[in-house]
Each structure stands twice: as structure tokens, then as C-alpha cells.
Amino acid sequence: MFDETGLSEIGRGHLSDPADTSFTVHRYSPSPASDPWLRVFWIPVWNVPAGEVREQRILTYPTCLLSITAAYARLVGPTTAAARVELSGSGWAFGVMLRPGTGHTLLGTDVGTLTNRHADLAGLRFLSDLVLPIRELMAAAPADPAAHAGGRRLIEDHFSELPHPAGDAVLANQVTARVETDAQITTVASLCEVFGLRERTLQRLCTRYLGVSPLWLIRRRRLQEAGELLRHGSAPLGEVAFRLGYADQSHFSRDFRRATGWTPGEFTALAHRGAPAGPGPEL
């Protein structure tokens, strides 16, 4: 299980309040055998006081998400703006972040067709029969690790029926991983150089398997890193912008506000009084 307090690469994008005890996220790594298709299991459970609403803001990743709740079951496509999810009452979601190359296999077409959209699992034959068993496992005690383990086994067994990723699907996974972990990748040209690809070829690869452009991929990683720096650092905004490869502070500030809804200064003020922090992808 992932460390709830740690900020792994998965957790850079979540902008929520760590002091909010009404919301708990359980995270689990997939088994090694499932690693080609699945990246992380993500199971939020919440119990918000009556009459209150808690908002989660998430800088999402360039991948599809499988999300099953008591109310809906969806394959969620890449979201180019910050996702905002309002929580009230009691509930749960059984989520799985897929590897970038997996979405194309499930859809049978470009992942770009699902960007900023979702598809009901009822319409996806391979996934539809997962819904009822997951709901039955989670209904009685959604925070129970045994229920989580049962759901993970069910999904991992199901995905083991898929062919192993090959060719461009593997390349899409590699491109995403390189952008997420290599801070020296600050331009599309530098990413093309690393993989020996022409820009047009890289654009087609990203549209087909990621549903976003290479430039979006790089900007989103920079903004997730910015959130991490602003949470825990005291560097001036100009220095943060420079470290992330921005030409000037104003450009960085515009990008950050457009993505999160906060200016860097507002986000820093919230972080320093203990508000936005903690990992987790979209519901």
C-alpha cells in the first residue's frame, strides 16, 4: 500500500486538505504481473458531515481511469483542466489508474476521443461485468482492506486476459514515464531528441495513446512539480518559475492559475497554513 503521507510521482497532482478526516484514500500497487496494464489502485472513502460539501481538486495524469462507485461506473478519459469533485454524505469509489498504453486497447480507437469525457462501463464489453462484483465487495464495509484485496484480485485477473502491450503502446508508456521523472525535459524538441522521434510522429503517438499533446504532457508535469515546490518550499516565485523552465514568472503564474484555479501566491498561502496537500488521482 502507498504511504498516505508521501508525495510520490502519483501524488503530485492532488490539491486537498490533509487535515480533513472525512476523506481517506487507500492506495495499492498492482501486482508485478499486472504492471503492464495497471499503474495504481486508488480507493477513496468519505463521510462528510451533514450539510457540508468538500471539494477535491486534482491535476490529472495523461491516462484513463477506471472508476466504479455505488452511483456510476465509468472509464474516465484524460482531463486537460484541473478536475474538481464535490463530495457530500458518505460514499466510496474503487478507482484504477491505467497505464497510458492501456486505454487504446480498451477503447479500440484513439484515446483522444475520450479526452475530457467519460464512457459508461455498460457500453464497454470487456469492463462491464466488473461493476456488480466490485459493488458487492464494497457495499458492506468500503474501508475494509479485505474488500479492497478482493476487488484488486478481480480486476487484475480480468486485465490479465489482455494482450501484453507492444510497439507504440510501450513507447507511449516510456514517453510518459520519461516526462514525469526527467526535469530536463522542458520542451517538445528535447523530448523528441531523447526518443529519436520527429515532432509530428510524437504528436500522433500522444493523440492516439495519451489523448493529450506532448506540450500538455510537459506542462502538466511542471505544474505538478510546482505544486510540490510551493507546498514545501520557501523559494520566491521567480525562482520556482526558473527551476521549472519558464521564461518568466508571469507565464508560470498564468499556467498555474488556469490549471488549478489558484494563483501561486494563493496556493502557497493555503499550503503554509496546512491546506492543499496529499496524493491521489481523480475519482
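## Helix packing

Helix α5 (residues 168-181) packs against helix α7 (residues 199-209) at an angle of about 100°, their axes being 10 Å apart; axes are lines fitted to C-alpha atoms, for helices over the stretch in contact, and angles run from 0 to 180 degrees between N-to-C directions. That makes α5 roughly perpendicular to α7 (65 to 115 degrees). Helices are DSSP runs of H or I with at least four residues, and strands are runs of E with at least two, numbered from the N terminus.

On α5 the contact (heavy atoms within 4.5 Å) involves Asp 168, Ala 169, Leu 171, Ala 172 and Val 175, and on α7 Leu 202, Leu 205, Arg 208 and Tyr 209.

## Basis of the model

The model is predicted: local features need pLDDT of at least 70, side-chain atom pairs count only at pLDDT 80 or more, and totals for chains, interfaces and linings use all residues. Residues are numbered from 1 along each chain as its sequence is written, and side-chain values use heavy atoms, with hydrogens and water left out.

## Salt bridges

There are five salt bridges in the structure, each a side-chain nitrogen of Lys or Arg within 4 Å of a carboxyl oxygen of Asp or Glu. In one of them Glu 180 pairs with Arg 39, with the closest N and O atoms 2.6 Å apart. Glu 180 belongs to helix α5 and Arg 39 to strand β3, so this pair ties together parts 141 residues apart in sequence. Both residues, Glu 180 and Arg 39, are buried (under 20% relative accessible area; exposed is over 50%, partly exposed in between; 1.4 Å probe, protein chains only).

Asp 182 and Arg 178 also form a salt bridge, at 2.9 Å from N to O. Asp 182 is buried at 16% relative accessibility, whereas Arg 178 is partly exposed at 33%.

Notes: Angles under 35 degrees count as roughly parallel, over 145 as roughly antiparallel, 65 to 115 as roughly perpendicular and the rest as oblique.
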